[in-house]
Amino acid sequence: MTKSPHYDIIIIGAGPIGMACAIEAKNANLSYLIIEKGALVNSLFNYPVFMTFFSTSQKLEIGGVPFVTINPKPNRNEAVEYYRRVAEKFDLRINLFERVIEVKKNKSDIFEVETAKANYTSGNVIVATGFYDVPLLMNVPGEDLPKVTHYYKDPHLYAFQNVLVVGANNSGVDAALETYRKGANVTMVVRSGELGPHVKYWVRPDIENRIKEGAIDAHFHSELLEIRENEVDIKTTEGIKTIPNDFVIAMTGYQPDFSMLRKFGIDLPESLCPVYNEETMETNVKGLYLAGVVCGGLDTHKLFIENSRVHAEMIVGNIVNRDI
Ligand SMILES: Cc1cc2nc3c(=O)[nH]c(=O)nc-3n(C[C@H](O)[C@H](O)[C@H](O)COP(=O)(O)OP(=O)(O)OC[C@H]3O[C@@H](n4cnc5c(N)ncnc54)[C@H](O)[C@@H]3O)c2cc1C
């Protein structure tokens, strides 16, 4: 039997934070491998094509590499390009399109990492898997119809169509404005009484004015009840309305893959906020670390690139000091 390749650290996920961990590992002369189930920075790759970050480019930087843009807030395409150039600069060891399925310790206290393609062993594992792969479902009839998406990509698809946008945080507001500007007839359904508190400050007046002038028909304190082939039922403050519909863009948020975390042995209390040491990022399993936005559990607004890139230094520092 051939021996599985062994590393000091295996990093699951080639998002910005997984990459930051790899750079720290490389700088500390530790052997490492990033294993990523999709493309490099797969979450960013799947963002809407015209999306602009709420962060300035400096706050998205990793590995001390300047992120040079003309505009203070970079867009999705610039960010994807930046992280690819960073991966090239550091010649990061990354296996793409390889999903990690299982992480467990063997009798010698070494991690065995099983992927869809191979097996590896490692002294430490960093889980940097983000939250973008599991959408929060609305659980309404018709949600599984092909016209419903939880991943809005390009407004052109919706030109001259009846579009229902569910949610009024950044993703919902961006989708409503972009599709409206490509000629869609846009209705928004918002559970709360107002736009989300984190809506980008330069976008807020735009959406407020489109709603005020009636260009976008927004229903607050409302919810989607049922989706059918050509119409939807929505419960509004004026009663239940049935409106014509071609597409539903459900911007209802995302959550980390909790079943994967549980399978790896990470403690998840009722709050679903994973348990880890806030100074070292180590979980209840010795040598198994969490990094990046996955640490926030259901509170996906708590952590972002700017305030979680520091996890890389904390984790690698802990591994180096522990192993001395
Ligand atoms: C529309 C949108 C806009 C955002 N704007 C900003 C912003 O302006 N500023 C900001 O800081 N943050 C923003 N965020 C949050 C942002 O997504 C995160 O801050 C950033 O992506 C976190 O990086 P990460 O490396 O922790 O996770 P991710 O970038 O999500 O990376 C996780 C990686 O793990 C991979 N993965 C998952 N499971 C497995 C597995 N089993 N095996 C192998 N690989 C796996 C995924 O494919 C993915 O590539 C935004 C998020 C969204 C959805």
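Student: How far is an oxygen atom of the ligand from a polar backbone atom of Phe54?
Tutor: The distance between that ligand oxygen and the backbone atom of Phe54 is 2.8 Å. A polar contact is a pair of N or O atoms within 3.5 Å; within protein, one must be able to donate a hydrogen and the other to accept it, and residues adjacent in sequence count only if both atoms are side-chain atoms.

Student: What kind of model is this?
Tutor: This is a predicted model, where local features need pLDDT of at least 70 and side-chain atom pairs count only at pLDDT 80 or more, while totals for chains, interfaces and linings use all residues. Residues are numbered from 1 along each chain as its sequence is written, and side-chain values use heavy atoms, with hydrogens and water left out.

Student: Back to the ligand. Which atom of Lys37 lies 3.0 Å from an oxygen atom of the ligand?
Tutor: A polar side-chain atom of Lys37 does. Val100 uses its backbone instead: an N or O atom there is 3.0 Å from a nitrogen atom of the ligand.

Student: How much of the ligand's accessible area does the protein cover?
Tutor: On its own the ligand has 970 Å² of accessible area, and the protein covers 94% of that. Such areas come from the Shrake-Rupley method with a 1.4 Å probe; for residues, only the protein chains shown count as cover.

Student: And which elements give two or more residues to the shell?
Tutor: They are α1 (16-27) and α2 (42-45). Helices (H or I, at least four residues) and strands (E, at least two) are DSSP runs, numbered from the N terminus.

Student: Which residues come nearest to the ligand?
Tutor: Glu36, Ser43, Tyr47, Phe54 and Ser55 come nearest, out of 32 residues around the ligand. A residue is near a molecule if one of its heavy atoms lies within 4 Å of it.

Student: How does that shell divide by residue type?
Tutor: There are 17 nonpolar, ten polar and five charged residues. Ala, Val, Leu, Ile, Met, Phe, Trp, Tyr, Cys and Pro count as nonpolar, Asp, Glu, Lys and Arg as charged, and the others, Gly among them, as polar.

Student: Now α1. How many of its residues are buried?
Tutor: Nine of the twelve residues of α1 are buried. Buried means under 20% relative accessible area, exposed over 50%, and partly exposed in between (1.4 Å probe, protein chains only). Among the buried ones are Pro16, Met19, Cys21 and Ala25.

Student: What span should α1 have, and how far apart are its end C-alpha atoms?
Tutor: At 1.5 Å a residue, the twelve residues of α1 should span 16 Å, and the end C-alpha atoms are 17 Å apart, which agrees. The expected span is 1.5 Å times one less than the number of residues in the helix.

Student: You listed Cys21. How many disulfides does the structure hold?
Tutor: The structure holds zero disulfides. Cys21 is in none, and its nearest cysteine sulfur, in Cys295, is 9.4 Å away. A disulfide is a pair of cysteine sulfur atoms within 2.5 Å.

Student: What comes just after α1?
Tutor: Asn29, with a positive phi of about 60°. Asn29 sits in the loop between α1 and β2 (32-35) and is exposed, at 70% relative accessible area.

Student: Val41 has a positive phi too, about 40°. Buried or exposed?
Tutor: Val41 is buried, with a relative accessible area of 1%. Val41 belongs to the loop between β2 and α2.
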